[in-house]
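Please look at the sequence and the structure first.

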Amino acid sequence: MNIFKKIKNLSAEFKQNWFQYLILFTSISILNQFVFIPLFRYITTFVLQAGAIPFISYSNLVIILSEHPFVVFFLLIELALLLFVIYSQFALIILFIKNNFALKASISEFGQCLRHFRLGSLLLLAIYFLLVIPFANVVFRTPLLAKIKIPQFIIDYMTRSGILLAILIIFYLVIFVLAFRFLLTLPIMVIYKTTTREAMKKSAFLMKKNWRKVIGFFVPLGILAIVIMAINVGGAYLLQLIWDTFPGKFALIMATINLTLFQIISEVFLIWVSAVSLYFLVKLVTKNNNEIKEKVTNNKIILITIISIWSLAITGNIIENVFYLAGLDDHVPVTISHRGVNDKNGVQNTIESLKKTAKLKPDYVEIDVHETKDNQFVIMHDENLKKLTGKDKRPKELTLNQLTKLIAKEDGYKGKVVSLDQYMQAAQKLKQKLLIEIKTTPNDSNEFLVKFNKKYGHEILKNHYQLQSLDYRVVTKMQQLNPKIETLYIQPYNLIYPQSVADGYSMEYSTLSSDFIWQAHLQNHVVYAWTVNNKSEMKKMMYEHVDGIITDNISMLNTAIKEFQSRQSYANRILNYMMAFPILD
């Protein structure tokens, strides 16, 4: 096929300049990991602390916008700087590729790009980066854009009904079409020194003219990438099966070498994919054959620096791999049943489901508590009862007596709506610990938490239960009322280093980073991941040392933990790593 011939030709270009590509992408990666990402996190944390704001969430967004104008101002400046850094990095990559790694020409053009950059371009540039996220892992791969994603819990919610699923599909289709249409915007801005608006217009024109060529390039490239990924994974696994037949420490030594080589090959492969993709787009925009033939000379200082950093990184990976493969750093997270169910074995937050799930021995069962009309406490997640009970009322609109007469239905099961007292009594009989999430609404009584602590504080401490809440006011108030109770703050997203009065964090797993976990552990704070219902993601969370995993499928989590801890086969442990950290993730 002509397209594979084109990929082969582009690969020849990569092969010719492979060392320059490694230096370029490695240098930018190092700057991101050790300079820009920590710097932006520290700036955000400092700005929020200066404004006495411990976090950013939808629950306090309106307050921040209305009551902290200076914080908003500095955060907008930081966002502008972040966009400028991302633009600068891609501009540098594009120019080096365009100029065939001619150092003087590339640096000269880079200076022109910066001089032509306009602040008015930032808004459109932000929209552009949001649009190209579907292509980020192939064309514009950078950890600076990694946080821009839809959290998994929102996607899970959108797939619960046909209408919501249709809306989600239409949304993705629209985003994909727009991203495809404006894909060439950044290369055009950099190469022709145009404004973002002009670049978008030209991108739309070029993509309309060349859409078959672009699709014909990226689809085969994607197929080829999957094939190479499969060969890399399969080869490493099959090879380790052979090494595992040898006695003594030899199998562990070869497993360490095997996994380290897999990681190195994966990194070089990702650089190849990015380089080939960007080279294709640059040639599409410029329609030239890289007339500039001057080559960048190998600066010995740069060369030694890059080799040293790569050596340190590889050494660090080898040490981590030895600990992982030998099972020396096995970190068993506490297992937490989300809403007390296991793989749809009953109605959420009911005693009937609790009895079934407790047989699987989760460390905790997570439940949700609402205040009732008569200031009592009922077990219910949703703010409206209609979905489970068919009654279009809020828990706060009914008394506890009225609520406990309702029957909830879910997944073909029935169960009584119960009070917190009833649920805690059942849990005590089963010797099952609870993670109680306190739900709040604008209609709650002023003494909501005071009454809750007075009634249940002693039992919670006695039975070693834990609390958590999406409402940071609950966390701060409980720390005042009863600081001995472990109280976690639930966050659907993390942008800053952990800074709060909470004893730990319950984080949405798809936006959780190892950096956040590490920072939390430095402060002796635990981190739970929610809601993890995929075995490979469970293993990934374990590898990154989360302290607890909240799941709808405790039996799957128990199996994942056993597989993760299995020391019978290094091949299986390598496979576990590969499944948790897929090459093209």
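Predicted model: local features only at pLDDT ≥ 70, side-chain atom pairs only at ≥ 80, totals over all residues.

Residues are numbered from 1 along each chain as its sequence is written, and side-chain values use heavy atoms, with hydrogens and water left out.

Let us begin with the helix. Helices (H or I, at least four residues) and strands (E, at least two) are DSSP runs, numbered from the N terminus. Helix α4, residues 69-98, has 30 residues. From first C-alpha to last, α4 reaches 43 Å, close to the 44 Å expected (1.5 Å times one less than its number of residues). After α4 comes Asn100, with a positive phi near 55°.

Next is strand β8, residues 487-491. Five of its five residues are buried, that is, under 20% relative accessible area with a 1.4 Å probe, protein chains only. Thr487, Tyr489 and Gln491 lie on one side, and Leu488 and Ile490 on the other.

Strands pair if DSSP finds at least two bridges between them. Strand β7 (residues 466-469) runs parallel to β8, joined by three bridges, and Gln468 has Leu488 as its bridge partner. β8 also pairs in the parallel sense with strand β9 (residues 504-508), over four bridges; there, Gln491 stands opposite Met507.

Finally, which side chain does the side chain of Arg339 contact? It makes a polar contact with that of His381, at 2.9 Å (N or O atoms within 3.5 Å, one able to donate a hydrogen and the other to accept it). Arg339 lies in the loop between β1 (334-338) and α13 (351-358).

How values were computed
Buried < 20%, exposed > 50% of the residue type's maximum accessible area, 1.4 Å probe, protein only.
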